[in-house]
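Before reading on, please bring the model up on your screen and keep the sequence beside it. The paragraphs below start with the sheet and its helices and then turn to the ligand.

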Amino acid sequence: MGILKKIEEAIYDGDEDNILDLVQEALDGGISAERIIAEGGVVALDRLGEDFNNLEVFLPELMMGGDCMKMLIEKVKPFLEAGSSAFSGKVIIGCAKGDLHDIGKSLVATELAVHGFEVIDLGVDVSTNRFIETAEKENADIIAVSALLTTSQYYMEELINRLTDEGKRDKYRIAVGGGPISTEYARKIGADGYSRTANLAVTMAKGLMKMEPTKDFVSVVA
Ligand code: B12
């Protein structure tokens, strides 16, 4: 079994005792941090999600898999390829109201930070008020919202509508992402940008900085 497959199995099994050694072995073997995250970690979490849907695994397994993935990410963080360190823009990021899934959001925050963005991470379960108050206080360029739950996805639309009602929509570029989000959905609710993964979020966010809010739309899916 190849090392990435071993990492996938360890995440799937929530094997906290062995995950760090396996990740070290992959790094020693010259495998990039990006591949370890995508081909080891994300693949395992996708499998867990599917098996959870089919009632083959339950909440404790999801939690253990999630915890293992966090260990993996902390371990590979220093090895993520850094981009230009020139200041790219200021981003407020958080998980939409009700959503506690922070692994993807934190990956996006890390990727943006290593590529020159100043990132203020508000964490999980962030209310629309808090996004707006922080963006105003910090004079943000981009507000980035993550949602994995279809019930939380609604709050992305609420944020955009509130900014519009308060006459502030033109001040910020709004980026959205997460499992149930698509280019079509992002367009429909009037967001400025969407990307499918954390790596692609860098290209998307740089694209957003080249345009005025609401004047264009940037989607990066591959
Ligand atoms: C791990 C996990 C958990 C962990 C979360 C741990 C943590 N700290 O995050 C725990 C156990 C806590 C959990 C709880 C629950 N979960 Co859960 N969970 C998952 C699982 C298996 C993996 C999620 C994950 O981390 N994926 C890996 C990351 C890297 O991917 P990602 O988040 O999609 O992010 C990538 C992109 O989407 C993108 N991205 C993400 N955010 C953003 C933001 C921007 C701006 C951009 C540009 C891009 C971007 O970049 C990321 C990296 O490439 C998913 C299944 C799945 N395949 O998604 C279910 C899943 C999301 N969970 C689900 C459910 C139902 C729940 C619970 C309701 C279960 C329950 N009955 O209690 C609770 C809800 C808790 C809550 N209030 O949020 C469902 C959601 C169904 C739905 N459509 O609403 C899923 C899809 C499982 C399933 N198939 O049914 N879960």
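Helix α5 (103-114) lies across β1, β2 and β3 (142-146) and runs at about 155° to β2, where angles, from 0 to 180 degrees, are taken between N-to-C directions of axes fitted to C-alpha atoms, for helices over the stretch in contact, and contact means heavy atoms within 4.5 Å. Helix α7 (residues 150-165) also packs on the sheet, where this helix touches β3 and β4 (173-177) and makes an angle of about 155° with the direction of β3. Helices (H or I, at least four residues) and strands (E, at least two) are DSSP runs numbered from the N terminus. The model is a predicted one, in which local features need pLDDT of at least 70 and side-chain atom pairs count only at pLDDT 80 or more, while totals for chains, interfaces and linings use all residues. Residues are numbered from 1 along each chain as its sequence is written, and side-chain values use heavy atoms, with hydrogens and water left out.

The sheet itself is open and parallel, with six strands in the order β2-β1-β3-β4-β5-β6, two strands being paired if DSSP finds at least two bridges between them. Because β2 (117-121) and β6 (218-220) stand at the edges with a single partner strand each, one side of each has no neighbour in the sheet. From one strand to the next the twist averages 20°.

Turning to the ligand, its cobalt atom has a single donor from the protein, His-101 (NE2), at 2.2 Å; donors are N, O and S atoms within 2.8 Å of the metal (3.2 Å for Na, K and Ca), and sites may look incomplete because water is not among the atoms. His-101 sits in the loop between β1 (89-95) and α5.

Around the ligand are 35 residues, the closest being Asn-53, Leu-100, His-101, Asp-102 and Ser-146, counted when a heavy atom lies within 4 Å. Helix α3 (33-53) gives the most to this shell, with six residues. Among polar contacts (pairs of N or O atoms within 3.5 Å), a backbone atom of Leu-100 lies 2.7 Å from a ligand oxygen atom.

Conventions. A polar contact is a pair of N or O atoms within 3.5 Å; within protein, one must be able to donate a hydrogen and the other to accept it, and residues adjacent in sequence count only if both atoms are side-chain atoms.
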